[in-house]
Amino acid sequence: MNLKMTCVIAVLLLGCLGWMPLTAAAPQSEVVWNVETDQKLIALTFDDGPNPVYTPQILDILQQYQAKATFFVLGKKVQAYPQIAIREVNEGHEIANHTFDHHFLKNVSPEKLKEEIRQTQDVIFDITEQIPHVFRPPGGFYNDALIDLAREDHFTVVMWSWYQDTKDWKKPGVQKIVNTVLNNVHNGDIILFHDLEGDCRQTVEALKIILPALKEQGYRFVTVSDMMRMTKK
């Protein structure tokens with residue numbers, strides 16, 4: 001049995017329990033894990049920011065390589081660092097919803113999560129005048145109630161390519177982050193990084209290696225929404 005089939009079976013089994021965890025691999029119709037395309041497109045994504053020290057450094061690197069990214073922000077962090085969120089938008093990046101306070105759906109009621117999502121939508125719009133069209137659930141946990149809310153509020157639930165979880169939040173070492181990305185890259189990948197609170201130096205240093213290497217291979221770095229739009233049939 002090949003790896004792809006094994007992952008699909010695992011997702012189906014887990015789905016019977018009502019949850020999709022962060023290690024799941026195969027997409028459902030309302031949830032995007034990667035984009036099927038023959039174009040050399042990559043979506044870089046950053047969760048849990050903005051970070052007042054490291055997000056500006058990440059933005060500098062992205063600007064250096066003409067790369068666009070999607071930032072899945074926390075509402076409370078946007079309130080705390082509004083100028084960084086505004087910079088993200090002004091430099092052509094996508095700002096996306098990651099709840100207000102990073103509660104896992106498995107730990108709060110669907111009603112609480114709905115409140116946090118809508119609160120974050122309001123905060124982002126008030127500060128950046130942008131309405132996010134994509135949402136990523138903290139920890140990768142979602143269920144039918146969240147999918148129903150996405151349908152109701154007209155946003156897309158976006159995860160990440162299962163083999164492109166850099167686990168940079170664990171600080172595994174710069175080279176391990178680099179290897180995770182470069183050794184597994186495919187067209188249409190959605191790559192998971194973090195600009196969370198605390199020390200993100202390994203992420204910053206890894207990006208300095210990853211971006212020029214992928215650019216040399218001919219990849220273009222686009223936002224998640226742009227990648228979905230550009231490959232829509």
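# Close-up views of a predicted model

**View A. Helix 8 has a kink of about 25° centred on L207.** The bend at a residue is the angle between axes fitted to the seven residues ending there and the seven starting there. A word on the model before we go on: it is predicted, with residues numbered from 1 along each chain as its sequence is written, and local features need pLDDT of at least 70, side-chain atom pairs count only at pLDDT 80 or more, while totals for chains, interfaces and linings use all residues. Side-chain values use heavy atoms, leaving out hydrogens and water. Helix 8 covers residues 201-216, and its 16 residues span 24 Å from the first C-alpha to the last, close to the 22 Å expected at 1.5 Å a residue; that expected span is 1.5 Å times one less than the number of residues. Helices (H or I, at least four residues) and strands (E, at least two) are DSSP runs, numbered from the N terminus. After helix 8 comes G218, with a positive phi near 95°.

**View B. Several residues of helix 8, including L207, are buried.** Buried means under 20% relative accessible area, exposed over 50%, and partly exposed in between (1.4 Å probe, protein chains only). What do the buried residues of helix 8 pack against? Their partners are strand 2 (41-47), helix 2 (54-64), helix 7 (174-182), strand 7 (189-194) and strand 8 (220-221). Contact here means heavy atoms within 4.5 Å.

**View C. Helix 6 (residues 144-153) has buried residues L146, I147, L149 and A150.** These four lie on the same side of helix 6, because they cover an arc of only 160° around the axis. The arc is taken over the directions from the helix axis to the C-beta atoms. For background, an α-helix has 3.6 residues a turn, so residues three or four places apart point the same way. The cover over the buried residues of helix 6 includes strand 1 (31-32), helix 5 (110-128), strand 5 (134-135) and strand 6 (156-158).

**View D. N143 caps the N-terminal end of helix 6.** A side-chain oxygen of N143 sits 3.2 Å from the backbone nitrogen of A145. A polar contact is a pair of N or O atoms within 3.5 Å; within protein, one must be able to donate a hydrogen and the other to accept it, and residues adjacent in sequence count only if both atoms are side-chain atoms. Beyond helix 6 comes H154, where phi is positive, near 60°.

**View E. A salt bridge joins D153 and R118 at 2.7 Å, N to O.** D153 belongs to helix 6 and R118 to helix 5, so the pair ties together parts 35 residues apart in sequence. A salt bridge is a side-chain nitrogen of Lys or Arg within 4 Å of a carboxyl oxygen of Asp or Glu. D153 is partly exposed at 26% relative accessible area, and R118 is partly exposed too, at 31%. A search of the whole structure gives 12 salt bridges.

**View F. R201 and D199 form a salt bridge, with their closest N and O atoms 2.7 Å apart.** Are the two partners buried or exposed? R201 is exposed at 52% relative accessibility, whereas D199 is partly exposed at 28%.

**View G. In helix 9 (residues 224-230), D226 and R229 are 3 residues apart, about one helical turn.** They form a salt bridge with the closest N and O atoms 3.3 Å apart. D226 is partly exposed at 29%, and R229 is exposed at 55%.

View H. The C-alpha atoms of M230 and L41 are 9.5 Å apart, although 189 residues separate them along the chain. M230 is partly exposed, at 28% relative accessibility.

**View I. Q121 in helix 5 is buried, with a relative accessible area of 17%.** Its side chain reaches the backbone oxygen of P132 at 3.2 Å. Setting aside neighbours within four places in sequence, Q121 is in contact with N97, I131 and P132.

**View J. The whole protein has 9 helices and 8 strands.** Buried residues account for 50% of its 233 residues. Of the contacts with a separation of 6 or more, 76% are between residues 24 or more positions apart.
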